[in-house]
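Look over the sequence and the model, then read on.

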Amino acid sequence: MSEPTGTFLGETTPVQHEWLRTVLHLLPVAVIIVDTGGRLLAANAAAEVLWGPQTLEEMGLERYHLFEAYWPHSGRRLRGEEWATARTLRNGQTISNEEVDIVGRGGARRTILNSSAPLYTSDDDLLGAVNVSVDITERKATERAESFVSEASRLLAESLDWETTLKAVARLATREWADYCMVDVLDTDGALHRLAVTAKNPEKQALLDQTMPFPPKQGADTPLARVFAQGRPVLVSDIHGEWLDQVARTPEHRHLLEQLEPRSSMLLPLAVGTRRFGIINLVSASPARRYSRRDLAYATEFARRAALAVESARLYREARQALHERDASLALLEAFFAASPVGMGFVDRNLRYARLNKVVAEHNGIPLEAHLGRTPRELMGEAGAPIEDLLRRVLETEEPVMDDPVEYTRGPEPRVFLASYFPVRTGTELLGVGGAVREVTEQRRMAEHLRFLADATTRLATSLDWRTTVRNMAELVVAQLADCCLVDMLSEDGEHLERVEWQSRNALLQALLEKAMPFAPPQGSDTLLRRVLETGRSELVAEVDGAAMEGIFVNEEHRDLLKQLNPRSVMVVPLMARGRTLGLISAALCSTTRRFTARDLTALEDLAWRAALAVDNARLYRQAEQAVAARDEFVAVATHELRTPLSALQLQLSSLQRTLDKQPSEEAERLGQGLAGALRQADRLTRLVAHLFDVARLGTGQMSLELGAVELSALVHALVARMEEALATAGCVAVVHADAPVVAMADRPRVEQVLMNLLTNAMKYAPGLPVELYVERDGDRAIVAVRDWGPGIPPEAREHIFERFARATGQHARASLGLGLYISRQLARAHGGDLYVEPPPEGGPGSRFVLHLPRWKKPPGPPPH
């Protein structure tokens, strides 16, 4: 008979009860068994140690909210229904290893892994629940402490800017170990100044910031001042009101501390030997956590490392200053070498290493001891020759060399360093050359990447021909990233790949690539290129082995060509723009040392995105050009074909009008009125067709001007006289201000057309109001201005009205095609002038349209004989 599954209690015997009690008491973890009401049925000794007998006896669902426990990540107190046992009794849920901070027996703060499971009878009736609590307080404290000390040490070792580093460590402390961290440092004035304050809870940060003006006062009889003076760490397990009174410098400071609600603190001096740098105050505000002696031990180690880092940074600064002043000592140099996180070395006058730190040895990949007594060339071969040349130059000139870039190839990719070399003297004696080296490989790569993208953007924007764009892209890839580059574009049917571009670093590779041109992967082939095309995801083959080669070639002939090319590393990136795949770009390295990395793939993806967008823009531009050309051609043909029947229609209507005029009668008069209306509409249609014809000629570049000397004052007077009847019909009076002749180099009919459009607009939008025309000179320009007294034009619409098909709103919106002002401005600009609108200079209603034309200059006469 098989064992029953699940946990249940059935009929038991005293022997079984005793066995269970014995097992429970032997377990090293706390075990509690409760009934369905959450009341205690059984508990072992570990549970009594953790909670206390009285607490266990008072257990019950209705009292769970009285037990003090907190969620460790948020610090929020558990509600009664959130306890694992309560949730198990409520819904039968099994809960495993839930981390909780509790206040246990005697107010002890502990961290436990809390688990709970339901107990059932043999009839599957809920009998109660069993709760298991594993005390992990010490383990968690150790983990947090070790994690913090490790990460803090890393931060301290990465930078010589100790102020910034200490601020970063303060932020780290509030993530791992404390609710508040305050850092006070000794300044040049001999007083402690607050460098950083950081709160774990963002809501408390603003409150903590207000404590910045209250660093401990050196020499005062306060806990923090004593810790700084004595240089010994202090643990404050429980913070009480009296302690706050001792720490607070003012009543305002005391009130701020009360609001922060500190519970426990560790005061850590920053000191190396007898030298004091400052003090770090780590504070816990959690009711469930009090710092212990174990915490203090880890914190002391952290403070020791922080003090060493601060000391190293200070020594670094002092050493640099002393070396630049040529007054550095070997003792200080030794201390600086030992603590410096950057590469430091010293060579004697024979260019042999006398001192160096482990950072230099790591950069060179040679043990530190192997450097001593040897020159850079002896250590690194020809790679050390440039270094020796620089060192020798510094010895000869006694002038420092600052931040000299050095490229060192060791491994698959070159590494870049900035090296500074400076002479070292004692009095009048030149001892040798000191050096500081820091690696800037990542910064240089980022700068090269940005330059690459900038160059790519510039080159890809130079052409609207997609083939030129693709060629530029391939050339960029070969120049910056790869030995070979292939570009395949997708056909119009979206199925077939066409190989359109190939580039390589040398003629041999180029010849092999040309032979590979016919081998674009066909549809349905299981190749790397087809996979990238179908998935739209880039692929990087860092090392091309036999299996990778199987996924690249399409047939045996292609395989033979690839063997000759011998690609060592390959990248394939899709060309995608606006959600559409346009093709593929493939890059390969044939070098025996270098391989593509994820950084190279990112660079190629950036380039491919820009190139795809440029190719797609070129395609759209070409389509737009074709559409515009087709439109302009259609308008030109249509307007040309419309002018002939319109002319015939006007002639016939005019002929009918003359016939009716010869036969006066009542019927003839009625017909004449209708015929006059038809003539007006025919005239309007003729003007509209003429406008369309002008627009078509402007669009196709066929508009030509017959320039000559045009006297504008006379032209304006003649035009006003010719439009007298139309002005009278509109109720407008034209006033001309033209006191002197003004001659322009212009096409007279076209200027008349522009002015007629302006007068027609004035009559249309300002009927019954005067129209003023001005003819003036302005240097080399002739000006004709038309000023109306209508409603005016808003500033935001003054450019819009000169666009094609831009029409006014209101009752005149359907009276035209919106081409008159567009044509007028284009004609003005074709003359070398312009047309614009402005408010009247003297104020008042209306608008002032200003036409600029170049003035005519009288040609010089024949030279005197």
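Two strands pair if DSSP finds at least two bridges between them. Helices (H or I, at least four residues) and strands (E, at least two) are DSSP runs, numbered from the N terminus. This is a predicted model: local features need pLDDT of at least 70, side-chain atom pairs count only at pLDDT 80 or more, and totals for chains, interfaces and linings use all residues. Residues are numbered from 1 along each chain as its sequence is written, and side-chain values use heavy atoms, leaving out hydrogens and water.

Q: What is the bridge partner of D488 in β21?
A: Strand β17 (residues 484-490) and strand β21 (residues 580-589) run antiparallel. They are joined by 6 bridges. In β21, the partner of D488 is L584.

Q: Is E311 buried or exposed?
A: E311 lies in helix α11 (residues 293-324). Leaving aside residues up to four places away in sequence, E311 touches V272, R275 and F277. Buried means under 20% relative accessible area, exposed over 50%, partly exposed in between (1.4 Å probe, protein chains only). At 14% relative accessibility, E311 therefore counts as buried.

Q: How are α7 and α10 oriented to each other?
A: The axes of helix α7 (residues 202-209) and helix α10 (residues 251-260) come within 10 Å and cross at roughly 165°. Angles under 35 degrees count as roughly parallel, over 145 as roughly antiparallel, 65 to 115 as roughly perpendicular and the rest as oblique. So α7 and α10 are roughly antiparallel.

Q: How many nonpolar, polar and charged residues has the contact of α7 with α10?
A: K204, L207 and L208 of α7 meet L256, Q259 and L260 of α10. Ala, Val, Leu, Ile, Met, Phe, Trp, Tyr, Cys and Pro count as nonpolar, Asp, Glu, Lys and Arg as charged, and the others, Gly among them, as polar. The contact of α7 with α10 has 4 nonpolar, 1 polar and 1 charged.

Q: What is the handedness of the crossing of α25 and α27?
A: The axes of helix α25 (residues 712-722) and helix α27 (residues 748-765) come within 11 Å and cross at roughly 50°. A crossing is left-handed if the near helix is turned anticlockwise from the far one by less than a right angle, and right-handed if clockwise. The crossing of α25 and α27 is right-handed.

Q: Which residue in β28 stands opposite A782?
A: A second open sheet of 5 strands has the order β23-β25-β26-β28-β27, with mixed pairing. Within it, 7 bridges join strand β26 (residues 781-788) to strand β28 (residues 848-854). These two strands run antiparallel. Opposite A782 stands L853.

Conventions: Axes are lines fitted to C-alpha atoms, for helices over the stretch in contact, and angles run from 0 to 180 degrees between N-to-C directions. Contact means heavy atoms within 4.5 Å.
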